[in-house]
Amino acid sequence: IELPPYKRPLVKVVLRHIWDRTKIYLRKAGTVILGINILLWFLASYPRHTTHVETNIAPAAQNQTVTLEVKDGGERIRNSFAGMAGRAIEPIIKPLGFDWKIGIGLVASFAAREVFVSTMSLVYNVEQNNDEKAHTRQLAQVLREQKRPDGTAVYTTLTCLSLMVFYVLAMQCISTVAVVRRETNSWKWPLFQWIYMGVLAWTFAFVVYHGGHLLGFQ
């Protein structure tokens, strides 16, 4: 078999190719990502109902100031359009073991899955800590204490498994949507992909949650 001669690529050619592909991505996919991020930020930040009062806080009361800021952030996101969206989709996600607060996390995490954790910290007014492990333990403790109106725990093992299954199968990624939009030059396939993967994720999460209950798990 005669193989073509291999040559070391020219740095100039490689850099020009990288620059061309980067421009295409920024022009087609980047604009979609930026637009959706702005929309998600708007949904999580508005409407603003809180009023701020400027006061002189003594150094000894700085911890109280931080706590007030965290509570204000949690109250703001609960009353935001994202919070309204979480309440609106609660009837759809309730069969999966999710409540409206988890719904807020699902809406916000469309930007990226890892945003779910920080969103839950805001929703439940968990104070930010320089020690990430301590903050994670505090958030985990707060989640364990959450109760439904009937007194049962919100975050059971089955609820967490259902949530993980949902995230594995759902297309919670604006970058993927933007790339598909760029490659197909149409919104038809990105929307189709997002819808069918969402239905697939809901179905499997439903099976995990209710199948676990039928098997006697909590």
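**Entry 1: one residue.** I started with a cut-off: a residue counts as buried when its relative accessible area is under 20%. I also noted that this is a predicted model. Is Thr159 buried or exposed? I looked it up and found a relative accessible area of 2%, so Thr159 is buried. Thr159 sits in helix α8. Leaving out residues up to four places away in sequence, I found that Thr159 touches Gly97, Phe98, Ile102, Arg148, Val154 and Tyr209.

**Entry 2: α5 and α8.** I reminded myself that two packed helices are described by the angle between their axes and the distance between the axes. For α5 (residues 100-108) and α8 (residues 157-169), the axes come within 13 Å and cross at roughly 20 degrees. Angles under 35 degrees count as roughly parallel, so α5 is roughly parallel to α8. The crossing is right-handed. Which residues make the contact? I listed Ile102, Gly105 and Leu106 from α5, and Thr159, Leu163, Phe166 and Tyr167 from α8. Sorted by class, this contact has five nonpolar residues, two polar ones and no charged ones.

**Entry 3: α3 and α5.** Next I turned to helix α3 (residues 81-88), whose axis comes within 7 Å of the α5 axis, with a crossing of roughly 120 degrees. I therefore wrote down α3 and α5 as oblique to each other. Here, too, I noted a right-handed crossing, with α3 passing α5. On the α3 side the contact uses Ala82, Gly83, Ala85, Gly86 and Arg87, and on the α5 side Trp100, Gly103, Ile104 and Val107. I sorted the residues of this contact into five nonpolar, three polar and one charged.

Methods:
Residues are numbered from 1 along each chain as its sequence is written. This is a predicted model: local features need pLDDT of at least 70, side-chain atom pairs count only at pLDDT 80 or more; totals for chains, interfaces and linings use all residues. Side-chain values use heavy atoms; hydrogens and water are left out. Axes are lines fitted to C-alpha atoms, for helices over the stretch in contact, and angles run from 0 to 180 degrees between N-to-C directions. Helices (H or I, at least four residues) and strands (E, at least two) are DSSP runs, numbered from the N terminus. Angles under 35 degrees count as roughly parallel, over 145 as roughly antiparallel, 65 to 115 as roughly perpendicular and the rest as oblique. A crossing is left-handed if the near helix is turned anticlockwise from the far one by less than a right angle, and right-handed if clockwise. Contact means heavy atoms within 4.5 Å. Ala, Val, Leu, Ile, Met, Phe, Trp, Tyr, Cys and Pro count as nonpolar, Asp, Glu, Lys and Arg as charged, and the others, Gly among them, as polar. Buried means under 20% relative accessible area, exposed over 50%, partly exposed in between (1.4 Å probe, protein chains only).
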